[in-house]
Amino acid sequence: MLRTRSSQRPRHRLATALVALGMLGTGTAALAVTAPAAAAVTPHRVLFDNSKAETAGNADWIISTSQPDPLAENANPSAETDWTGALSSWGVSLQKTGNYSLKTLPSGNTITYGTSSPLDLQNFDTFVLPEPNILLSASEKTAIMKFVQHGGGLFMISDHTGSDRNNDGSDAVKILNDLMTNNGVNNNDPFGFSIDSLNIANDNPRAISDSTDPVLNGSFGKVTGSIIRNGTTATLKPADNPAVKGLVYRTGYSGNTGAFFATSTFGSGRVAFWGDSSPIDDGTGQPNNNLFDGWDDPAGTDAALALNGTEWLAGAGGSGSTGGTTGGGTGGSTGGTTGGSTGGSTGGSTGGSTGGGGTGTCTAGQLLANPGFESGSSAWSATSGVITNDSSEPAHSGSYTAWLNGTGTAHTDTLAQTVTIPSGCAAKLSYYLHIDTDETTTTKAYDTLKAQVVDGSGTVLSTLATYSNLDAGSGYTQRSFDLSAYAGQTVTVKFTGVEGSTLQTSFVVDDTALDVS
């Protein structure tokens, strides 16, 4: 007899019971019997590397001399000099939002993934490699690739060829290219670009025109360009990874050549590349270093690019909406690009319009109807059986959830709601997501869930995130994304779950919201 959808799902209840009785190995991720209590939003966790000679020579690519915790130097920094390091503006700007937890991997440590170390990459959302000067070991490269593959964000910052600051025969160009071509996970151009062996002395690259890109139009301001003061570019290879995208280009270049800032994805994670360390240098740091203030250089919007890039990599999607309050310098009126000690309060209130939130007034509110599914399928278009009060997957709150897939058969589930985002509004989509799976692989994404924005004809305007069986874990995690670029439009928020194997993966969504302000 053909099994019904409801009769397929109890196989996961068996796995849950076995976990409770201690009879199922820890290699199988399953939801605990007791639903976790709702928790406050976890700060986005960022780890800055200092294990690869990032302070060799005149380099000072650290957020603070207090490592691993910069708060030990100053627990409430308000200016870049409250922390010591040429990246202190970057760190202080993130810290002031209250939405980020920052740490440094000190010199002498090893980059790891999947260990018990508190500085292991699995404990962070984003890993920043600011011009590494020592080749990564085989295990470190594998760790970084698995981190990204499983949903982490990797920020790679290069410098020009020949910038071997510790004279060990390896510069950042060589080190980062080696990571992408000899890593033990995927050596076939996994990110879709390679770094050029160039030394470009001086240029002011410009950003492409794309009002929907979250890095160019993030919460920290609008990006118009950057600076090169001895740096390099990347060659894009979309045939190897169609997700690769150039955002800022060297003068006279476009398309697949001359990309100075680029983004891509790998597995469930995100990647950003920047071709020079000069833009992140704030000109302050340890004594006797010859530093250059590129962070505030008026020829670029480097602060916004660094901060928006971090926001995107961490999956913050607008959590830095305080705009200028979190910037690094004095330009609050520019919407947070460099807002800080003297312009912060203005930048926070006006940053939305400059950074993609539109102009004019907006009545604050929540747009999604039946956001917690407690009224069943009301207001939602969903595959039959997706919206359920089945206690096998406890809700984040209330009784109902949207439970996509989890049947152990090859099929597709969808969940969608159409909304009109008023003109002049900043908009943020958020939802709680729990993923559990019976898959045992640690490398292959067999089952996936995509969160997307589509138009009235079903054309995908943006894929906000892609999750898979590799992202399984206990409890719910809140995800949020900036949808301000769609102000004045009617769009559909859509989730699509595809289960492609005989082992179940459950994607459980609850407590959605589309807040406008």
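Predicted model: local features only at pLDDT ≥ 70, side-chain atom pairs only at ≥ 80, totals over all residues.

## A buried aspartate

A residue is called buried when its relative accessible area is under 20%, exposed when it is over 50%, and partly exposed in between, using a 1.4 Å probe and protein chains only. With a relative accessible area of 0%, Asp510 is buried. Asp510 belongs to strand β25 (residues 505-516); helices (H or I, at least four residues) and strands (E, at least two) are DSSP runs, numbered from the N terminus.

What does the side chain of Asp510 reach? One of its polar atoms lies 2.8 Å from the backbone nitrogen of His396, and the side chain also reaches the backbone nitrogen of Ser397 at 3.3 Å. Contact means heavy atoms within 4.5 Å. Beyond its neighbours within four places in sequence, Asp510 is in contact with several residues, among them Phe373, Tyr400, Tyr431 and Tyr476.

Residues are numbered from 1 along each chain as its sequence is written, and side-chain values use heavy atoms, leaving out hydrogens and water.

The predictor's confidence in each residue, from 0 to 100, is its pLDDT. The protein has a mean pLDDT of 84, and 83% of its residues reach 70 or more. Please take care with residues 1-41, where pLDDT stays under 50, and with residues 317-360, where pLDDT also stays under 50.

## A covered helix

Helix α3 (residues 88-95) is mostly covered, with eight of its eight residues buried. Trp90, Val92 and Leu94 are among these buried residues. The cover includes strands β1 (44-49), β2 (100-105), β3 (126-130) and β4 (153-157), together with helix α6 (302-313).

## Strands side by side

Two strands pair if DSSP finds at least two bridges between them. Five strands form an open antiparallel sheet in the order β16-β19-β24-β21-β22. At its edges stand β16 (381-382) and β22 (460-468), each with a single partner strand, so one side of each is left without a neighbour in the sheet. Within this sheet, 10 bridges join β19 (residues 411-420) to β24 (residues 490-499), and Thr418 has Thr492 in β24 as its bridge partner.

Elsewhere, strand β13 (residues 259-266) has seven of its eight residues buried, so the rest of the structure largely encloses β13. Four bridges join β13 to the antiparallel strand β12 (residues 245-249), and six join β13 to β14 (residues 269-274), also antiparallel. β13 and β14 form a hairpin with two residues between them, and Gly267 in the turn has a positive phi of about 60°.

Key: Polar contact = N/O pair within 3.5 Å; in protein donor to acceptor, adjacent residues only side chain to side chain.
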